[in-house]
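Hello,

Here is the structure I promised to pass on. Please open it first, then read my notes below.

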Amino acid sequence: MKIRLADGGKTLWTLVLGTELSETERFAAEELISHFREMTGITLRTKADTSPCTPYEICIGHGRHATLAADIGDAEFGLEDFALSIHADRIVIVGNRCRGTLYGVYEFLEEDLGIRWYTPDFTHIPCRSRVEVEERSCVIRPALEYRETLCVHQGFGDPIWYVRNRLNRAMATPLFGGGVQWAGKQFCHTFHSFVSPEEYYDEHPEYFAWREDKGCRVTGRRAQLCLTNPDVLDIVIGKTKQWLRDNPGANIVSISQMDATKPEDILYCQCPSCKALDEQEGTQAGSILHFVNAVADAIRDEFPYASVDTIAYSYTTKPPKHVKVRDNVILRPCFNGDLLDEWYKVGKRLFIWDYVTNFRHYTLPFPNYDYIESHIRGLMKHKVRGIFIQSTYDTRGTDFNELKCWLYAKLLWNPEKEISNLIPEFMTAYFETAAPPLMQYLDLLRERIRMAGKPPACFVNLPVFYIDNDVLRTADELFDRAEKLACSEEILARVRRMRLSVRFVELMYMDPADPRRPEMVDAYFDDLAELGVDRISERNELVDAKEMVLNFTGLYELSEALPGAGYSPDQI
Ligand SMILES: [Zn+2]
């Protein structure tokens, strides 16, 4: 049954504010009012829960009016859970006061009113004089406890895009109901943040790893800690508590090994007691997990809401034979696959770290579209509880970065969403009249990936298997058409920014001796700057990258020559 909310600039509906609304629930009500106003020109009237109940009420948050919806019941709401009930004369959005009610409002705005937050600077609000919604009722509990995409949209100062798309780290401020937040902004590789060689090695070398081959305790940035030393445990417990006291919004402390993947850099402790523990567990993760459990036990009473985490990575990916972690320990495997099932037996809260761009060449097309759904759903089958997706993050992107970030956001919130519906929707909204040839371009790349039967990789050099000169020729024709079809300067700029990916491959594939090349490189870097792209590779400034591209003398050399290139995932 269709329910009419507005017609001809008028509405019968009133917004009822529940009792004892949290700051976040008040914000949720404001979000509903402002989006509805932009959609219809109508400012919804509000009234308190103490007022008489009447028909045509939209009830936000718990209260007497909300209980009139018979289908809400007494559901228990976890931090982000909510119920939405839409009936002929009553709409109720209630949930956990933390983020549940807020997410319920976003669900209503997005799924029932058709509003979309595609990018931080592009929101789609359909303007309608008549607004109708379908009758429905649901209780929603998000599939994942932790959802994050690290991309240019991070925007650090303006997390609202994240909040509205129900990603729950970047917006960890009280107004938005907090979120998943690491204490001290220490996300991983934190051992030295607790016990640094600079501070402790001279007086206490015994805090650091003993190495059999060296016959000594090691120092330096890759030295791991001696995790069976009781003083080390005391220091880490003390600082963990201090970080949590200093960061009242934080709910996770990372206690994780220093970064190292090359055999010569892997410096875990081989002292007799660490070695015995690791041998008993059959993995170097053993001593780490026993240590992390001890910290978890020590913080539980004072910080019942907090957890500690550690990573399963490099030399610690093999699961232990015996130890299980406490329920306030989060495990973050930096891989995926069958080992996840083994890790699930060690601890139930698995957060995955995932990479989805080419970090050596942000500008290189990375057509992983047909793997997004299956990948996220595959992780759900392994019962993971959190997913962190790291994409192009330190520059405005090319290569349909905004599209992909939005797709990840939609799938993280609801892994059952279909990208075959989402892609055309985004493309049509974002590129308007220029969308059809751009969708053909995406189809062309997706077809190449399908033919090869494997996804693009994150750390490969050019040339790539899914782009040859035929693809480039067709891509050029399609972008020519898209530029002609662009209906405004803004749309044209979006098309040109996406085209930078194709132009990058053309520059990389062309004969280095071609006399036109230096001028093309100049024009390319001018356009990057004009279109707001300030990286073509992770961390490297454009000015350095340009020098390398100009001096480029062979097809495979750029990525080796770029400053900082050649690093592996462990250095992310
Ligand atoms: Zn040791």
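This is a predicted model: local features need pLDDT of at least 70, side-chain atom pairs count only at pLDDT 80 or more; totals for chains, interfaces and linings use all residues.

First, the layout. The protein is divided into domain 1 (2-141), domain 2 (181-355) and domain 3 (422-571). Between the C-alpha centres of domain 2 and domain 3 there are 40 Å.

Now helix α1. It covers residues 23-40, 18 residues in total. From first C-alpha to last it reaches 26 Å, close to the 26 Å expected at 1.5 Å a residue. Its buried residues are T24, E25, A28, A29, L32, H35, F36, M39 and T40. They sit on the same side of α1, because they cover an arc of only 150° around the axis. What do these buried residues pack against? The partners are β1 (2-6), β2 (14-17), β4 (57-60), α2 (100-112) and β9 (131-134). The face turned away from the buried side of α1 carries the exposed residues E23 and E30. After α1 comes G41, with a positive phi near 80°.

Next, T310. This residue is found in strand β15 (residues 307-312). Is T310 buried or exposed? T310 has 26 C-beta neighbours inside 10 Å, so T310 counts as buried. Leaving aside neighbours within four places in sequence, T310 is in contact with I255, S256, I288, V292 and L331. R116 is another matter: T310 and R116 are 194 residues apart in sequence and 36 Å apart in space, C-alpha to C-alpha.

Best wishes

Note on methods
Residues are numbered from 1 along each chain as its sequence is written. Domain bounds come from an automatic or database domain assignment. Helices (H or I, at least four residues) and strands (E, at least two) are DSSP runs, numbered from the N terminus. A residue is buried if 20 or more other C-beta atoms lie within 10 Å of its own, exposed if 12 or fewer, and partly exposed in between; C-beta atoms are placed from the backbone. Two residues are in contact if their C-beta atoms, placed from the backbone, lie within 7 Å. The expected span of a helix is 1.5 Å times one less than its number of residues. The arc is that of the directions from the helix axis to the C-beta atoms.
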